[in-house]
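Biologist: I would like to learn how to read a protein model. Could you take me through one, feature by feature?

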Amino acid sequence: VPPKAPRHFLTLEDVNRDELNHIIKRAIELKALQRQGIATEIFKDKVLAMIFEKSSTRTRVSFESAMAQAGGHAIFLSTKDSQLGRGEPIEDSARCIASMVDMVMIRTFAHATVERFAEYSRVPVINGLTDDHHPCQLLADIQTFVEQRGSLAGKTVAWVGDGNNMCQSYMQAAELCDFELRIATPKGFEPWDHMIEKHKDRVSLSQDPVAAVKNADLVVTDTWASMGQEDEKKQREKIFAGYQVNRELLSHANSDVLFMHCLPAYRGKEVSAEIMDHPNAIVWEEAENRLHAQKALMEFLFNQ
Ligand code: CP
Ligand code: NVA
């Protein structure tokens with residue numbers, strides 16, 4: 001009997017609506033249990049390998065803590081000090097690492113690297129951020145909005161800023177959670193064409209942050225220079241200058257609008273310092289929910 005193919009989580013679309021709802025519900029439950037000090041050994045004797053080609057604070061801490069709190073163990077691997085940084089093919093690394101652990105989380109530049117790793121992995125692989133997608137962050141964002149407002153269905157979400165990884169994961173979320181997504185990006189910084197085409201019923205594009213934010217229930221932004229784009233930072237600051245989320249911009253949204261940011265945030269650039277401290281900014285809850293949402297995700301993948 002051939003072994004069962006593992007269930008991967010490379011983009012948000014690797015789960016359907018029901019599965020996504022289940023994961024969010026379970027994340028909220030696991031959070032409550034943790035708050036009550038009730039230990040759940042759901043990852044007893046399980047080992048997670050975490051491979052990082054890029055820096056990380058939240059993703060590493062949340063995955064590593066999730067494993068430790070639930071009775072498992074996490075191994076941190078960076079390309080700098082593993083053979084991955086010395087030219088060992090990703091396919092060979094995938095076969096070896098996956099033969100020794102129960103699950104893999106991987107953060108890379110090219111999305112194709114994660115796909116190739118998954119193809120050769122006999123255990124589930126989770127995308128911990130690529131240049132094109134950040135599905136784990138979306139689980140946390142959805143959980144955070146649901147906790148505050150019940151549901152994203154029928155809501156209006158404005159994405160202001162770069163049309164890359166976070167924005168593209170929001171496009172998939174719009175489909176799965178039934179909300180309208182209005183994207184405002186400078187010209188030339190739109191999401192990939194195939195993503196725009198696929199999600200055109202739920203997602204609109206413009207270069208006008210005010211129009212995007214009008215009557216929005218949630219406003220989201222992200223850094224103007226993502227990891228790997230450090231050399232473009234100065235140039236991008238000029239191009240994105242009119243795209244800062246500040247008090248003036250948010251005055252066009254609904255009065256109870258929520259603000260999210262995957263972090264790290266650059267105050268005075270994509271978001272004003274004032275908005276980061278605004279009571280409707282729920283960025284710290286959002287960051288904490290990485291822990292709970294990923295516990296629910298890993299439990300879901302282990303149970304397949
Ligand atoms: N939001 C997020 O993924 O943060 P890190 O880069 O710190 O992991
Ligand atoms: N867009 C950012 C997200 C960081 C979590 C980046 O890719 O660097």
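This is a predicted model: local features need pLDDT of at least 70, side-chain atom pairs count only at pLDDT 80 or more; totals for chains, interfaces and linings use all residues.

Biologist: In which sense do strand 1 and strand 3 pair, and over how many bridges?

Modeller: Strand 1 (residues 47–52) and strand 3 are also a parallel pair, with five bridges. Look for M50, which faces M105 in strand 3.

Biologist: How should I read the two sides of a strand?

Modeller: In a regular strand, side chains alternate between the two faces of the sheet. In strand 3, M103, M105 and R107 lie on one side, V104 and I106 lie on the other, and all of them are buried.

Biologist: Why is strand 3 said to be largely enclosed?

Modeller: Five of the five residues of strand 3 (residues 103–107) are buried, so the rest of the structure largely encloses it. Across the protein chain, 45% of the 304 residues count as buried.

Biologist: What is the strand order in the open sheet of five strands?

Modeller: The order is 7-6-5-8-9, and the pairing is parallel. From one strand to the next, the twist averages 20°.

Biologist: Which residue stands opposite V157 in strand 8?

Modeller: That is L218. Strand 5 (residues 156–160) and strand 8 (residues 218–221) are parallel partners over three bridges.

Biologist: Which strands does helix 6 lie across?

Modeller: Helix 6 (residues 165–177) lies across strand 5, strand 6 (180–184), strand 7 and strand 8, and runs at about 160° to strand 6.

Biologist: What surrounds ligand 2?

Modeller: Its shell consists of L129, N164, N165, M166, D222, T223, S226, M227 and C262. Sorted by class, the shell has four nonpolar, four polar and one charged residues.

Biologist: Now let us step back. How many helices and strands does the protein chain have?

Modeller: The protein chain has twelve helices and nine strands. Its radius of gyration is 19 Å, close to the 19 Å that the globule rule gives for 304 residues, so the chain is as compact as a globular protein of that length.

Conventions. Residues are numbered from 1 along each chain as its sequence is written. Chains are lettered from A and ligands numbered from 1 in the order in which they are written. Two strands pair if DSSP finds at least two bridges between them. Helices (H or I, at least four residues) and strands (E, at least two) are DSSP runs, numbered from the N terminus. Axes are lines fitted to C-alpha atoms, for helices over the stretch in contact, and angles run from 0 to 180 degrees between N-to-C directions. Two residues are in contact if their C-beta atoms, placed from the backbone, lie within 7 Å. The radius of gyration is taken over C-alpha atoms; the globule rule is 2.2 Å times the number of residues to the power 0.38. A residue is buried if 20 or more other C-beta atoms lie within 10 Å of its own, exposed if 12 or fewer, and partly exposed in between; C-beta atoms are placed from the backbone. A residue is near a molecule or strand if its C-beta atom, placed from the backbone, lies within 6 Å of it. Ala, Val, Leu, Ile, Met, Phe, Trp, Tyr, Cys and Pro count as nonpolar, Asp, Glu, Lys and Arg as charged, and the others, Gly among them, as polar.
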